[in-house]
Structure formats: structure tokens, C-alpha cells
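Biologist: I'd like to learn how to read side-chain features off a model. Can we go through it together?

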Amino acid sequence: MKKLCALLITLPMVGCQLTSQTTDVAKVSQTRKAEHATGVSTLSDHLDQYFTQSGRESMLSASVRLLESANTTTRKGRDRQTNARWELTVGGTDWQAVEVKRPTVEQVEPNQNFVFMDMPYRANTRVNLRSGPSTKHTRLRQLKKGEVFNVMAQVISQPWVLVEQGGTVQGYVHQNYVTANVTKRDLLSTQPNPIVSPVGNPLALPELGYVGILTCRPLAYKFSNDTSVEEGKFLACQKQTGVWYIDSWLPLEAKG
């Protein structure tokens, strides 16, 4: 808990909400999967009722741009073929602090502050995998050119990412020598971050704790045409720039 509190103190305090997540990881994982599936299904159904394929794609692209924006704001658009309109409103950033445990190879240093990502990457060249986020740390082995791995997290304010393969943390690599396999994906196509999911440990490696944040924002939408209106709201969380997923469905504010 002390690590979580220290991490929260390092975050900007303007326009954000800070929460600490310390519940049972298995329970959180199952709830997250169910809420994600509900959110994707509901939003997809609402889009189908109002928009053409091009209108649908336009709204989904606008939603990611809005989530990436620095301020709380509203954007509007219209499908010229159906004359349906959409309105999106994004809220402030909600940094959710999480502490998880993962099987970890020997010598890897876990005591850093992270932003959790969960994105597939590949090595651009042969590159050293190190025990910590600097060239002064021990070289554990090398990644081959083209080798694919999962970036579990990035060290906050540092150009180093945490490498995970087969559910096991392998070490750190400098981000200048690796490239994301996915750079853009819409909200309906992106799966939730499985960071809270428990994993197997077939090699009986020590399970170390990693403290980090999930970066999330609430997004409300309103779809309308001449005869009907549909509204919804969900919490979207970021994996990396341009890649967000629906984390959970949120209740709409009551109208007086």
C-alpha cells in the first residue's frame, strides 16, 4: 500500500481522479471481462441502429481522438446518409493504481513506478534485455531482431519498457530499439488489459510485485435522429497512444 500511495503522489493533480485498486485479482479479472463484453455489445448495437459503416468508423475514430485530448470537452458529428447525429463528451483522467504479482526471472528489479500497457512489440535489432531500466543494470540476455514480446508496462518518465513473454517478466529493454506491432485500433476491437488476471507459473519462478497505473477516462455518447435518442456512458482505458478499450459500463447521470 505504501508503494501505491507514493505512486499516486507523483501524478499530476489537475482534472483527475485517483483511485486505489487492491481487491482480489481473480475477482477483478472476471468482472472486467464481463463488463467489457457488455460495453462492446451495447455500443455496437447502438451504432448499428443509427449509422452506416462509414458513419460508425467516423464516430469511433473521433472517440479515440477525444480520449487523447488534454481537456474535458464535447465533439459532435453527423452521418450524411442516415442524417443521424452523435455527440461525445469526455471526462477527466482517472488513474487507477494497481499492484500485481508476476513470475519473474532472476535478477529483474521490480521496484519502479509503471504505466501498464499490454501491447505486442518486436525488436528492431539485436538488443540487450537488462535487469533494470538503465544501461548500468546487468545484461540478462539479448532479444533477436524481429523477436516478438509483450510490453507489460513502461517505467514512468523513462524510455524503458518491461518485457513479458509467456506470462513471465523477462527484464527491461530501451524503447528506441523496439516497435509496437499495433499502433491504432478502435474501441470495439481492443481487448481489456489483463494485468489483473492471475497467470500460471510452470517454472516455479519467484512472483514479484509490480506497482503501476491504468490510465482511464469516462466517455459519454448520445446518438439521435428525427424519431429517437440513445445514450450511454463507459470508462475507457489506455494501452498506449491511439489504443483504448472499453473497461466498464457507467450509469448515466440522472436528469432533473
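Modeller: With 28% relative accessibility, W249 counts as partly exposed, while F234 is buried at 0%. Do keep in mind that this is a predicted model, where local features need pLDDT of at least 70, side-chain atom pairs count only at pLDDT 80 or more, and totals for chains, interfaces and linings use all residues. Residues are numbered from 1 along each chain as its sequence is written, and side-chain values use heavy atoms, with hydrogens and water left out.

Biologist: Okay. How many salt bridges does the structure hold?

Modeller: General idea: side chains of opposite charge can pair when their charged atoms come close. The rule here asks for a side-chain nitrogen of Lys or Arg within 4 Å of a carboxyl oxygen of Asp or Glu. The structure has six of them. Take K239 and D118, whose closest N and O atoms are 2.8 Å apart. K239 sits in strand β13 (residues 229–240) and D118 in strand β5 (residues 113–123), so this bridge ties together parts 121 residues apart in sequence. Strands here are DSSP runs of E, at least two residues, numbered from the N terminus.

Biologist: Are K239 and D118 buried or exposed?

Modeller: K239 is buried, with a relative accessible area of 8%, and D118 counts as buried too, at 16%.

Biologist: Which residue does K233 meet in a salt bridge?

Modeller: That's E253, with 2.4 Å from N to O. K233 lies in strand β13 and E253 in the segment after β14 (243–249), so the pair links parts that are 20 residues apart in sequence. K233 is buried at 14%, whereas E253 is exposed at 53%. Another bridge joins R141 and E147 at 3.9 Å, N to O, and R141 is partly exposed at 29%.

Biologist: Now the rings. How many aromatic pairs are there?

Modeller: Rings of Phe, Tyr and Trp (its six-membered ring) pair if their centres lie within 6.5 Å; planes under 30 degrees apart count as stacked, over 60 as edge-to-face, and the rest as tilted. The count comes to ten pairs. Y221 and F223 are stacked, at 4.6 Å centre to centre with 25° between the planes, and both are buried. F234 and W249 are stacked as well, at 6.0 Å and 25°. F234 belongs to strand β13 and W249 to strand β14, so their pairing ties together parts 15 residues apart in sequence. Ring pairs also link Y50, F51, Y221, F223, F234 and W249 into a cluster.

Biologist: What about contacts? Which residues does Q191 touch?

Modeller: Contact means heavy atoms within 4.5 Å. Not counting residues up to four places away in sequence, Q191 touches H36, K239 and Y245. Q191 is in the loop between β11 (178–180) and β12 (207–224), and it is partly exposed at 48%. The C-alpha atoms of Q191 and H36 are separated by 8.0 Å, although the two residues are 155 apart along the chain.

Biologist: And what does the side chain of N150 reach?

Modeller: The backbone nitrogen of M119, at 3.3 Å. A polar contact is a pair of N or O atoms within 3.5 Å; within protein, one must be able to donate a hydrogen and the other to accept it, and residues adjacent in sequence count only if both atoms are side-chain atoms. N150 is found in strand β8 (residues 148–155) and is buried at 19%. Leaving aside neighbours within four places in sequence, its contacts include D118, the salt-bridge partner of K239.

Notes: Helices (H or I, at least four residues) and strands (E, at least two) are DSSP runs, numbered from the N terminus. Buried means under 20% relative accessible area, exposed over 50%, partly exposed in between (1.4 Å probe, protein chains only).
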